[in-house]
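Please look through the structure below before reading my comments. They are meant for someone new to reading models of this kind.

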Amino acid sequence: MANVTLENVTKRFDDVVAVNSADLKVRDKEFLVLVGPSGCGKSTTLRMVAGLEEITEGTIKIGDEVVNDVPPKDRDIAMVFQNYALYPHMNVYDNMAFGLKLRKFPKDEIRRRVEEAAEILGIENLLERKPKQLSGGQRQRVALGRAIVREPKVFLMDEPLSNLDAKLRVQMRAELSKLHDRLQTTVIYVTHDQTEAMTMGDRIVVLKDGFIQQVDDPLSLYNYPENMFVAGFIGSPAMNFLDAELVKEGNEYYLEGNGAFKLKISEEMINNYPDITEAAGGDIVFGIRPEDLSDTSLKQDFEVTEDNSFEAEVEVVEPMGSEIYLYLATGEHNMIARVDAESEAEVGDIIKLGVDQAKMRLFDAETEEAFITQSD
Amino acid sequence: MAITLKDLARMAGVAESTVSRALNDKPGVSEETKEKILKLADKHNYQPNRLAQGLAKNKTSVIALLLPDLKDLSYPGLIASVEKAANKAGYQVVLCNTAGSSQKAAGYLDLLQRNQFDGAIIVGGTPAEGKFLRLALENKNNMVLINMLLEELLLPSHLIDYQAEGILAAEHLLEENNVKPPLLVLGNEQEYAEMERKEGFITTCQQHLGSSGEIFSGVTDRAEGYQVFFNIVEKNQPPLAIYVTENFAALGLIEAIKTGGYLVPEDFQVIGTGSDFIADIISPKLTVVDEPLAKMAEEATEKLLKMLAEEEIDSEIKVYDPEIIAGGTT
């Protein structure tokens, strides 16, 4: 049982601020993912929780205990990194058990813990095997087993899957999620891979340049990014950002893309987010996810009108099997549309793109903050 | 008095930086000048100042050897081996005694982090502490471990297979004497190496005989070894084969056997651990399970030097198998 709390935590390396007054409450038994590009401070944050990195300012608590000055070994945590050592002369049992042996645990207790961990990981029948007789996935499980036998309050994982090939990574992702359900323990997981974050996290913390950008569950993060960084970082292919001017005509508001498009903002959206109107007559950034742009020659869920569609030229067609990525251009704007596999669009075609108005996202051109956020 | 870069510059009538470029084969100096400088350097037997060179390149050409204690009899051999390999490559070795204290180890690792050493070889069996992991995560490729296991990370490591020692000792003793379980005389049972030897030994005895013999533990010196014999000889059917993990204890034990009027190896067979000077002075010479420490230390040092030179290393973890070196006690 353990919450992890960061209060106003700052880490400076000389003049560089790696983590800037981070406030974060990791809930008990939660799978929390820290994600961001390299240098965003995610690993530093994890290492401060682990006690490998001293904190410059602030407080870190594990459970109710302030651990600022507690050495790593006394923090009741276990760490898993991408590079772990499986010792070739030891069988799986010993590879999992040696840490406990070194800590002088009684033999019976070691056996209980290793057998329990092996069962959770589904490697009970491999305990007598040597590492070289294991597959990549099995090896990874042994490394996890080594952390599990410590029965920590919190697991800290720093990109544990990044050394695996793509197929195994997908498999281990699912296994780690299942494992978390079984262990019922708090996990803090660091990755640079937004797909990993989206598929595994109960909640996700997006970091950039040492600042926490947003903390949310995966869907909220995807649907209601609070700024352009989060909007662009989460999702693949990334959200399209088109520079536009917000034009008021009568009581209606339009996104005017320098002659390339003119799209109406729904009344509902204006009513729900009246701040948008303050940008009228000025620049605004129109954000739209690739799957919310559609090929209007195919059947649509919404009625296609002049107000919610525009034309663009197809520059590249990438068939993905179940869908097609179209790389398009109109005027100065470039974008990607993720359209149905039935689309017959070809390179050089001018096609009409439909925009799902409810999915339009708008950002302040200067602050890059979102106008459309999740209503509480 | 040794000639310096400054002297060469004066003699050649050029700037010191020009001399440096010529000597280091860097661009920015004419062929003619370069030749002149090289001739002068050769004539006056110019040797670059290591310290100054180190300052410029942020290198010290010093590696640290961290040892957990200085009592272990196998360490002098290990130290000599590290030093020999390091010296050959132009490196000096500094000995650091951590005395099993993580704080002391952290102090030495601090020096490594601050580039006071180019690299470190770390010997020991304790789980890694924060400072150590922190440093390992920097991926500077400047540490090699000897007989140290890491739970979280992979660092280049050279290890003795201790369990194999116990297995070898048991098999050797059972070859000659395959009915009665041999006796095991352990040192500090809390030490990882001893736990592993014990496990290997007992498991092998059980496989061969269906049972394992008596165990004495905490027997580390001559007097304690001596006493062990008096404890077993009183019994009806004392064990006739004995595996001792500390050679000082083996020395005492064999003295006691002889004092009791028995013969080694005719009446009692004894096998020790490591071919050190004690194994040599025991008469007859002690049969031992030998740990290839010198070879391991040499190869660990070579690996570290390769890493410091940013060369590829072939394997991260290397495990060394012990072997029986037959003396006269079995």
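1. In chain A the mean pLDDT is 94, and 99% of the residues score at least 70. Among the elements of chain A, strand β3 (residues 31-35) has the highest mean, 98, and helix α5 (residues 166-183) has the lowest, 90. Where pLDDT is low, the predicted coordinates should not be read in detail.

2. How many residues of chain B are in contact with chain A? There are 25 of them, and they meet 24 residues of chain A.

3. The size of an interface is often given as the accessible area lost when the parts come together. Here chain A and chain B bury about 2,500 Å² between them, with 61% of that area on carbon and sulfur atoms. On the side of chain B, 27% of the buried area is supplied by B:Arg134, B:Glu151 and B:Glu152, more than any other three residues.

4. Charged pairs also cross the interface: six salt bridges are found between chain B and chain A. In the salt bridge of B:Glu199 with A:Lys101, the closest N and O atoms are 3.4 Å apart.

5. Which elements of chain B give two or more residues to the side that touches chain A? They are α7 (130-136), β5 (157-160), α9 (192-209) and β11 (317-320) of chain B. The largest share, four residues, comes from α9(B). By class, this side of chain B has 14 nonpolar, four polar and seven charged residues.

Key
Residues numbered from 1 in each chain as written. Chains lettered and ligands numbered in written order. Predicted model: local features only at pLDDT ≥ 70, side-chain atom pairs only at ≥ 80, totals over all residues. Heavy atoms only, no water. Contact = heavy atoms within 4.5 Å. Buried area = accessible area lost by both parts, 1.4 Å probe. Salt bridge = Lys/Arg side-chain N within 4 Å of Asp/Glu carboxyl O. Nonpolar A, V, L, I, M, F, W, Y, C, P; charged D, E, K, R; others polar. pLDDT = per-residue confidence, 0-100.
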